[in-house]
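Dear colleague,

Please find below the structure that I am handing over to you. My notes on it follow.

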Amino acid sequence: MTDSGADTASAASAPEVLSGIRVLDCSIAMAGPFAAQRLGDLGADVIKVEPPTGEWQRHAAAGGATGNRINVSFLSLNRNKRSIGVDLKSAEGKEILYELVKSADVFLQNYRPGVAGRLGVDYETLREINPSLVYVSISGYGEDGPYRNRPGQDLLLQAMSGAMLSAGTAGNPPTPAGQYLVDAVTASTAFEGVLAALFHRERTGQGQLVSVNMLDAITTLQMQELSVFTVGGVGQHRSEQPHAHVYIRAPYGAFSTADGYLALAMPDLHTLGEVIGEPSFLGMDTETDSWAHRDEIYRKTAERLTTRTTAEWMEALGAVGIWAGPVYGYQDLVDDEQIKHNGTFIEYEHPTEGLVKTPGFPYKLSATPARIDRGAPLTGEHTREILVELGYDDARVDELAAAGAVAVEDAVPEPAGEPA
């Protein structure tokens, strides 16, 4: 979406809520970089500390979207950051990181358990350098325990969380979410943890360790579902029909129509029966029969809904207050009138990737709005700039680059302008 010139100027001149906060982002893949990007969107100076060859995500293009010099995966998770390419296994590289830590407010990493210690960038080491540092450690299953060395990969955590068996049909393999769900939830959890720790530091002057793991993040997301199981004693019993959630009464799910699909959620059975012309629903009790006859209700609803189009059913069901909605693909979502009204997607010019249209910000702050000041950086695009800030002169930077301790990308086009 494109804002008006007045709105753009106002956003560009407004204060940024995390202005003055420096974040060292030593994370890779999605969860850590996404959390750091959220901090950058709110004005933090996020320095992405990556190897001279570039962070792993630069070389793993989701969906095969490789981009020009930056693939879309990396582009989407690393806006509003500066990049310094530095070899933390070298003495010179470690010295640079320690210098950065002195002026940092937040340090974020998602190394495998034990790696931070071997690199000399663990919490105990860094807090000796900067006692007020908020140190964020993201892991797959926890810093210790029997699963500490298991791979913290999104699909594996989805499977372990129990969530896959809350949808789908009995006897068939579970269906994973259509998003990198655990990574995204973990990123939001880490973002919340950073803000809470910074608020604590504002009050006390004390830094602290913030530990986040993907298993706990996806487990606690299911607060209601797991409480139904642990407190209510109701087990997960999938139906023979493709019900969307084991703990919600029928009909509940996506149904075929004459021209597409329709999402239908928890209607009163008598009212539904009248609208779709299913007489057997008229004498049913919604609160009891919708559980006892879940498969029958799904099957009969599915048969009736194929007789009219999605738009026709939306009008008919909406007229009597039944919750129903269209099933979108991504193009439908991008083109939706409410999405356009909300300004959910933003556009900006990237120096190597051109016009970028991407999801914007999940929150709106009236006094300190989030904004994009720069697109995702090239590896080492800001190495020289950052080292000069630390007191290195150009000759020393050139020496470090020649020795392979740092990566320097000097031939970079002008940075992206103000967000559209």
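Helix α4 (residues 91-102) has 12 residues, which at 1.5 Å a residue should span 16 Å; its end C-alpha atoms lie 17 Å apart, in agreement. The expected span is 1.5 Å times one less than the number of residues. Helices (H or I, at least four residues) and strands (E, at least two) are DSSP runs, numbered from the N terminus.

This is a predicted model: local features need pLDDT of at least 70, side-chain atom pairs count only at pLDDT 80 or more, and totals for chains, interfaces and linings use all residues. Residues are numbered from 1 along each chain as its sequence is written, and side-chain values use heavy atoms, without hydrogens and water.

Within α4, the residues Gly93, Ile96, Leu97, Leu100 and Val101 are buried (under 20% relative accessible area; exposed is over 50%, partly exposed in between, with a 1.4 Å probe and protein chains only). These residues cover an arc of only 145° around the axis, which puts them on the same side of α4; the arc is that of the directions from the helix axis to the C-beta atoms. Ala91 and Lys102 are exposed, on the face of α4 turned away from its buried side.

Seven strands form an open, mixed sheet in the order β6-β5-β4-β1-β2-β3-β12, where strands pair if DSSP finds at least two bridges between them. At its edges stand β6 (208-213) and β12 (406-407), each with a single partner strand, so one side of each has no neighbour in the sheet. Strands β2 (residues 45-50) and β3 (residues 81-86) run parallel and are joined by five bridges; Ile47 has Arg82 in β3 as its bridge partner.

Yours sincerely
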